[in-house]
Amino acid sequence: MTYDLLKGVKVVDLSRAMAGPYCTMMLADAGADVIKVEPPVGDETRLWGPPFQNGESTYFMSVNRNKRSIVIDLKKEQGKEVLRRLLENADVLVENFRPGVMEKMGFGYEQVSKLNPKIIYCSISGFGQWGPYKDRPGYDLIAYAVSGMMSITGEEGRPPVKAGVPVSDIGAGMFGAFAIVSALFRRVSTGKGEYIDVSLLEGQIAWLTHQAGAYFATGQNPKKMGSAHSSIAPYQAFKAKDDYFVLAVGNDEQWARFCKAVGAEHLLNDPRFRSNPDRVRNRDALIQELEKVFSTDSSTEWVRRISEAGIPCSRIYKLSDVFTDPHVLARETVQEIDHPRAGKVKQISPPYKLKGSKFRIALPPPVLGQHTEEVLRELGYSEEQVKNMVKEGSVLITSTSLAGT
């Protein structure tokens with residue numbers, strides 16, 4: 001089963017793509033009952049691919065486990081009535097439409113809070129619900145650029161690059177989940193609901209941390225430094241005789257041990273490199289000296305020698321290395337589940353462990369409309385009412401739903 005930290009919390013998930021679904025997956029993994037409300041065409045990421053696994057999008061499946069899928073056509077009045085009934089007893093609503101869309105549908109915060117004053121309502125958007133940019137379409141790449149994050153990512157003099165995963169989306173989802181849980185905690189004592197406004201842009205600005213601090217202090221835009229660190233040296237990837245590896249010398253005591261481990265004791269007496277501030281100021285000269293040393297042997301040998309001296313370093317893993325690594329396997333970072341269409345599907349476990357229980361995935365990523373009938377019955381609809389809603393197209397039930405069609 002999933003963790004039971006949020007057992008009893010009901011989440012209505014109107015989100016799609018990455019940011020909202022990542023947020024609600026975090027809640028679902030913690031034990032919340034997440035009901036994913038999809039339009040008749042489904043979450044658009046069901047069509048994002050390849051790759052597909054037996055016709056199911058691996059993108060969609062990566063962030064939608066432990067949820068139940070119900071298909072409602074919110075363009076039909078009966079569909080809206082189903083959503084109202086869902087929201088009357090829900091604890092949380094998560095949506096990531098453009099600002100104003102939910103209000104036009106009749107489900108803005110002011111409208112929903114009249115139905116359910118205790119609801120925690122979380123809106124995730126590119127630029128937030130107010131401000132000059134609120135109506136701009138907000139994709140991960142755009143937020144990454146506007147936040148300044150892209151300006152400090154990559155190598156100096158090279159074209160702009162982004163991270164290998166949609167960090168603006170994922171970061172916003174994480175901030176959303178944190179804010180929701182915080183609001184739920186406060187509601188225990190106050191009984192009050194809350195409206196939460198999360199933006200991709202501000203999530204990335206928050207992640208600027210020490211780079212923003214340096215800018216505030218100096219007024220200078222930080223430079224792109226590739227794998228290097230702006231305030232620590234040496235702390236970056238280096239080329240050995242055969243391949244690259246990474247090295248992180250975090251303090252002067254480590255620097256002394258590092259120099260002895262790689263046979264570069266002469267650098268200890270060089271005034272340019274005596275302290276970390278010295279090494280940062282003379283970074284270019286330091287790198288040149290270390291590149292000479294590392295060019296004489298293999299990356300495997302350097303990693304071995306430096307690691308034995310207790311200095312953080314590593315070869316650079318590909319995903320095929322990550323998911324066969326003995327430590328990753330020992331931590332049960334990957335779990336395999338049975339999906340009704342895709343077959344055996346591997347999923348990444350939550351990045352936290354609880355002492356008293358083990359995480360197990362309770363529900364595979366749902367097939368579109370898989371739980372429509374189940375949820376409608378829970379809401380009190382009769383068999384005849386369900387059939388009528390299906391007939392008029394207000395809801396959709398798939399052949400994999402519990403009762404079948």
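A: **The loop and its surroundings**

Pro234 sits in the loop between α9 (209-218) and β9; helices (H or I, at least four residues) and strands (E, at least two) are DSSP runs, numbered from the N terminus. The model is predicted, so local features need pLDDT of at least 70 and side-chain atom pairs count only at pLDDT 80 or more, whereas totals for chains, interfaces and linings use all residues. Numbering runs from 1 along each chain as its sequence is written, and side-chain values use heavy atoms, with hydrogens and water left out.

The peptide bond from Ala233 to Pro234 is cis, with omega near -5°. Most peptide bonds are trans, and most residues other than glycine have a negative phi. Another cis bond joins Gly49 to Pro50, where omega is near 5°; Pro50 is placed in the loop between β2 and β3 (52-53). Asn54 is exposed, at 58% relative accessible area; the classes are buried under 20% relative accessible area, exposed over 50% and partly exposed in between (1.4 Å probe, protein chains only).

Beyond residues up to four places away in sequence, Lys239 touches Tyr244, Phe294 and Ser295, a contact being heavy atoms within 4.5 Å. Between Lys239 and Lys104, the C-alpha to C-alpha distance is 56 Å, with 135 residues of sequence separating them.

Helix α13 (residues 299-308) can be considered next. Its buried residues are Ser299, Trp302, Val303 and Ile306. Viewed down the axis of α13, these residues fall within an arc of 100°, so they line one face of the helix; the arc is that of the directions from the helix axis to the C-beta atoms. An α-helix has 3.6 residues a turn, so residues three or four places apart point the same way. Thr300 and Glu308, on the other side of α13, are exposed. The cover over the buried residues of α13 includes β10 (244-248), α10 (252-261), α12 (283-294) and β11 (313-315). After α13 comes Gly310, with a positive phi near 80°.

The nonpolar cores give a wider setting. Such a core is a set of buried Ala, Val, Leu, Ile, Met, Phe, Trp, Tyr and Cys residues joined through side-chain atoms within 4.5 Å. The largest one has 29 residues, and the members touching the most others are Leu14 and Leu86. At least two of its residues come from each of β2 (33-38), β5 (67-72), α3 (77-88), α4 (101-105), α5 (109-115), α16 (372-378) and α17 (383-392). Helix α3 gives the largest share of this core, four residues. With neighbours within four places in sequence left aside, Leu86 is in contact with Val12, Ile35, Val37, Ile72, Val375 and Leu379. A second, separate core holds 25 residues, including Leu267, Ile287, Trp302 and Ile311. In soluble globular proteins, nonpolar side chains tend to be buried together.

Ser199 lies in strand β8 (residues 194-199) and, at 4% relative accessibility, counts as buried. Its contacts, apart from neighbours within four places in sequence, are Ser125, Gly126, Phe127, Gly128 and Ala172.

Over the whole protein there are 17 helices and 14 strands, and buried residues make up 48% of the 405 residues. The C-alpha atoms fill a box of roughly 85 × 45 × 40 Å along the principal axes. Of the contacts between residues at least 6 apart in sequence, 70% join residues at least 24 apart.
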